[in-house]
Amino acid sequence: MKRTLILAVLLALPAFAAQKDDDFRAAQAAANANKIEEAARLFCAIAKADPAFHNGEAAQDCKIYQDQVNRENARNEERYTDGVNFFNQGLLDNAEQKFRAIHSGTHLADAQNYLSSKIPAAKQQAAAQGAESAMSAKFEQAKEAFNNNAFTSAKSGFSQVASGAHQSEAQAYLQKIQQYEQFMQQGDSAAAGKNYQAAISAYQNAANIKGDGPGDPNGKLSSVRMMASANAPQPQQQPQQIQPPPPRPVVSAVVAPTRKVDIQALLRKAQAAQRKRDYGSARGAYLAVLSEDSSNEQAHAGLDALPKDTVATGTEADVLLAKGIAEYYGGDFAKAEVHIGDYISNQGGKSALAYFYLATSKLTRYFLGGDNEKKLLAEAKEDFKKAKISSAFKPPEKVVSPKILKIFEETS
């Protein structure tokens, strides 16, 4: 039995030696391939089994490669820690660089998980957040443009908000702008055609969207309402009933005509006053003639003959101004400006009121014309300056558009 055991051991020795040679060659191949963990494992296994193998070369290589493994593990630990810190700070490219440098060690699987899953997901999320931030910035810029009445810029900005939390809100703003512009166009068209009720409805709809929007819907609404009121048909008086006439805006400003002007009687009165050198009364009577017949040659000749610095007196002169103001409220701006201009050029006594209504008529045409006639705006401001020369003048606030009053107040 003992002899048999010894024989078996002797037979196994060559096989064991051959296995160690194979393992040694495998360890060298791993080392050449920079697989230091595999090389260290094989060299150390051989050295443990036979410390003197290859004159101790296996044991020596075991120590060399195990030291390399330990140093690499320390570096991998540092790489992994840095990679995790970079990832948590959002520095994804830096984190990816650190994790890719880990080829071995206890954190290899975790590093691969970051590279294959966590970092791609974080990049996708960052891209989505960047897109959301860009859309939010575009929306805020467009909303600021809308609030500042820069509708062209606002439309461009809102149309670019194609995704994100503000997309539906941007579309709502675009619809508001489109509706607003349609209502303002409808109002301007209706006002130009003297369809005041349609204009009121359109301007009101626009004001409901943005009362201080481009074109000033509230100001136009106020102007059109006054024109509609001035042109409204008066109720029929019942027979045998005497009622006072309905109030008109001009009544509180000047003396309105109560009967048809007798041109011949006024001419005789003016000529008689002129002979007496009562130039103020003469000028007032001539102006009253012009309220009925703006091209009357006798009246113009008589006015030309009067001293230029004469101021019209008497209620007759107010007839011309009253007619011009009434024509303004009736929407006949051309005639209004002719009669008020005649009143001013011929030294009417209420020059401040005349200049005010001359400017008001021009501003109304400016607003109804879509703010295109800049010359009208400039002329109106000059007329307002002349109206303000009289410190005692107070504009008729209750019967004039707040928008017009604002320009009057700002003019200096």
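Which residues are exposed on the other side of helix 12? They are Glu-297, Asp-304 and Ala-305, where exposed means over 50% relative accessible area, buried under 20% and partly exposed in between (1.4 Å probe, protein chains only). The model is a predicted one, so local features need pLDDT of at least 70 and side-chain atom pairs count only at pLDDT 80 or more, while totals for chains, interfaces and linings use all residues. Residues are numbered from 1 along each chain as its sequence is written, and side-chain values use heavy atoms, with hydrogens and water left out.

Helix 12 runs over residues 297-305, and its buried residues are Ala-299, Gly-302 and Leu-303. These cover an arc of only 100° around the axis, so they sit on the same side of helix 12; the arc is taken from the directions from the helix axis to the C-beta atoms. Helices here are DSSP runs (H or I, at least four residues), numbered from the N terminus.

Next comes Ser-401, found in the loop between helix 16 (374-387) and helix 17 (402-410). Ser-401 counts as buried because its relative accessibility is 1%. A polar atom of its side chain lies 3.4 Å from the backbone oxygen of Gly-219, and one lies 3.1 Å from the backbone nitrogen of Lys-403. Leaving aside residues up to four places away in sequence, Ser-401 touches Gly-219, Ser-222, Ser-223 and Met-226 (contact means heavy atoms within 4.5 Å).

Methods:
Helices (H or I, at least four residues) and strands (E, at least two) are DSSP runs, numbered from the N terminus. A polar contact is a pair of N or O atoms within 3.5 Å; within protein, one must be able to donate a hydrogen and the other to accept it, and residues adjacent in sequence count only if both atoms are side-chain atoms.
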